[in-house]
Amino acid sequence: MKKQLLLLACLFPILTATSQNTTIKSSIENVEKKVDSIVSIMTLEEKVGQMVQYSGTWDLTGPASGNQNQYREEQLKKGLVGSMLNVLSVEATWEAQKLVMENSRIKIPLMFGYDVIHGYKTIFPVPLGETASWDLKAMEETARISALEAAADGVNWTFAPMIDISRDARWGRIMEGSGEDPFLTSRVAEAKIRGYQGEDLSNPATIAATAKHFAGYGFAEAGRDYNTVHVGENELHNTILPPFKAAAAAGVATFMNSFNDLDGTPATGSKMLQRDILKEDWDWDGFIVSDWGSIAEMINHGFAEDLTHAAEIAVKAGSDMDMEGGAYETGLVQLVNSGEVDEALIDDAVKRILRVKFKLGLFEDPYRYSNPQMAQQLNLKEHRAVARDVAKKSIVLLKNDKNLLPIASSVKNIAVIGPLADDKDTPIGNWRAQGEANSAVSILEGLKSAVGNNVKVTYAKGADLGMGERTFLKPLKINTTDKYGFKAAIDAAKKADLVILALGEDAFQSGEGRSQVEIGLAGVQQELMHEIYKVNKNVVLVLQNGRPLEISWAAENIPAIVVAWQLGTESGNAIADVLFGRYNPSAKLPVSFPRAVGQEPLYYNQKNTGRPSNPSDVTYSAYTDEEKTALYPFGYGLSYTTFEYGDLTLSSEEMNPQESLTVTVPVTNTGKKAGKEVVQLYLRDMVASTTRPVKELKGFELVELQPGETKQVSFTISNELLKFYNVNKEWAAEPGEFQVMIGGNSIDLKTESFRLN
Ligand code: BGC
């Protein structure tokens, strides 16, 4: 009796709250207590319901039509759904929330998730492009704005940042991450999480973030999406996991697991990844959502017999929520009732989910994010200014022979040529959220509004690139034959002082499911470039791309090359800012550009091998038909000024593990314009218990210098920075010699060395 009274006393606030149809008050300190007490009054069915996520495929503001939608509406009313994705707008999220809050027994609010990858309405550069800015403050700011715009439309959870390391330009999703380096990606992950989540998740201007895809997805064999991943433990821990560990430490609210098989186990069914590493070793208390249907896909992997078996594997492995897979809904209740799955596992998953809902403030106000006031307060004009600023900071200048750039005032006749020159859609990218189709400023528009009346701008498309339907799900057809516009383009080029040639990739050439075996200029673009170059040598090639491209011919022949990625809403204005020198380019590649697709996967932080070089014969690790180095390496990018690095000074040539040392380098602006330089620190562990990369990025600083100015740039090297996952499966720094290298890219470096005692 005493026990029962005690239970009633615990539940009293919740029961009264629910019976009065009001909400459950939260405060950070007693979240755990509240979570426990809610779970204690839930039925098994209600608990499993929290682990189910539906995509809102029907119009929630009207009556559900069709059997499946009606069924789903009933499930919502019964409180048997934990969250929804793709439900957008204040009205729709309000209606869905109302179905739960006004009908279900326990009234646990829904979360609303969406892929807010590089902006919501205002679109910023694709993540690979934005990372090229190396400007963490700017990246945090664009995440903050994305969160604000998404929250104003009812969304309280983004499936971003995507922090899969990728070294393979064939993989279409390389555009969605931060490139090939674990250190840089880790810092970007932290900045993005700070931006989305802010200091306090319950602030309605912030949304929950997701670290995805856990783990190994970017290592899909041969760059083919969803393909098997073969990496050993050493690579997994030293290369793939660090950004995820950084995200967990930064307090990311949720993780998403990945589609791929990792060394024989689908990541969604991997206990090692989810329970052992993430939840136990890293002591992370958020929840893991599956990728779209990835629990059910374990049947296709040949790892589960049916949906129920898939549910058993996933829940035991630590996947907490089933995104549109139908497996938890089908199998979990039965699995617990038959004793195959311990209910404690269900309780743990539900507690993790409720914890995030409490942090979001949903128990205080389930409609907190469905607030029409918020949308009215948005200053989209201000957001566009930020979009322009970050876009110009993301543009990489690869080549500038003959100082064609910035465009001189003597240039009076510019021909703007190419299939992407007046493309207002490609800059919006493939993961465009609510960014409107054809809403970006095109290159032509940007240039036209930048030049005065005394410069003539002529436009000729030259040829089409993508043809027909351009949608997220369908393959893009590429024009490989039609050269109808070549003649007009050649004529325009002949008459011009300067040609701006806009080539690259359509937005729907990169992104999910858009792996390619060729990464050159698709269709008739290469031919168009040759024809234009024949008649005018003053060509500035402006590339818009979501992946590193194979551009060896251009690198050899075209005097100026600019990488403008897919830069978002303000693309054309930002490109004009750089081409006319209103912004001095400062971006650096976060990913290597290959000489040939056959080099992929290509990355700077490779191992030395037993046969690193011996150019006099063939028996070394290289190719017989091509150089093995990148065409443009990681960290590379030019400016309109020049920077010179002096010799490195180390505070000591030896270091004890409890100490740190400082390395300092003088960096001078030796040109005539003010500019920003990304000063990069690399380390190499010369001999270790496992083989180590020839260099690894371990620090960077964005430094602004006036002409002639010198700044001393210092980095602190701590024992922590020297650690790696070693032969004993521990993160440790091992005594011995280390090389320290500093420079403006991963190749041109000043070097010193020290010993760790
Ligand atoms: C992607 C995820 C995305 C999810 C929801 C999946 O296909 O892999 O990154 O968050 O869909 O749209």
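This is a predicted model: local features need pLDDT of at least 70, side-chain atom pairs count only at pLDDT 80 or more; totals for chains, interfaces and linings use all residues.
View 1. For K212, the distance between a side-chain N or O atom and an oxygen of the ligand is 2.8 Å. These count as polar contacts, meaning pairs of N or O atoms within 3.5 Å. On its own the ligand would expose 310 Å², and the protein buries 92% of that (accessible areas by the Shrake-Rupley method with a 1.4 Å probe).

**View 2. The shell around the ligand.** Here are the residues near the ligand, that is, with a heavy atom within 4 Å of it: L85, D115, F159, R173, K212, H213, M256, F259, D291, W292, M323 and E512. Sorted by class, the shell has six nonpolar, one polar and five charged residues. In this sorting, Ala, Val, Leu, Ile, Met, Phe, Trp, Tyr, Cys and Pro are nonpolar, Asp, Glu, Lys and Arg are charged, and the others, Gly among them, are polar.

**View 3. An open sheet of six strands.** Follow the strands in the order β11-β18-β17-β16-β12-β13, with mixed pairing. Strands are DSSP runs of E with at least two residues, numbered from the N terminus, and two of them pair if DSSP finds at least two bridges between them. At the edges you'll find β11 (396-400) and β13 (456-460), each pairing on one side only. From one strand to the next, the twist averages 15°.

**View 4. β12 meets β16, with helices on the sheet.** β12 (residues 413-417) and β16 (residues 498-504) run parallel and are joined by four bridges. I417 has L501 as its bridge partner in β16. Helix α18 (residues 486-495) lies across β12, β13 and β16, at about 155° to β12. Helices are H or I runs of at least four residues, and angles go from 0 to 180 degrees between N-to-C directions of axes fitted to C-alpha atoms.

**View 5. An open sheet of five strands.** This one goes β4-β3-β2-β1-β10, with parallel pairing. β4 (157-158) and β10 (322-323) are at the edges with a single partner strand each, so one side of each has no neighbour in the sheet. β1 (residues 52-55) pairs with β10 in the parallel sense over two bridges, and V52 stands opposite D322.

**Notes.** Residues are numbered from 1 along each chain as its sequence is written, and side-chain values use heavy atoms, leaving out hydrogens and water. Local features need pLDDT of at least 70 and side-chain atom pairs count only at pLDDT 80 or more, while totals for chains, interfaces and linings use all residues.

Terms used
A polar contact is a pair of N or O atoms within 3.5 Å; within protein, one must be able to donate a hydrogen and the other to accept it, and residues adjacent in sequence count only if both atoms are side-chain atoms. Contact means heavy atoms within 4.5 Å.
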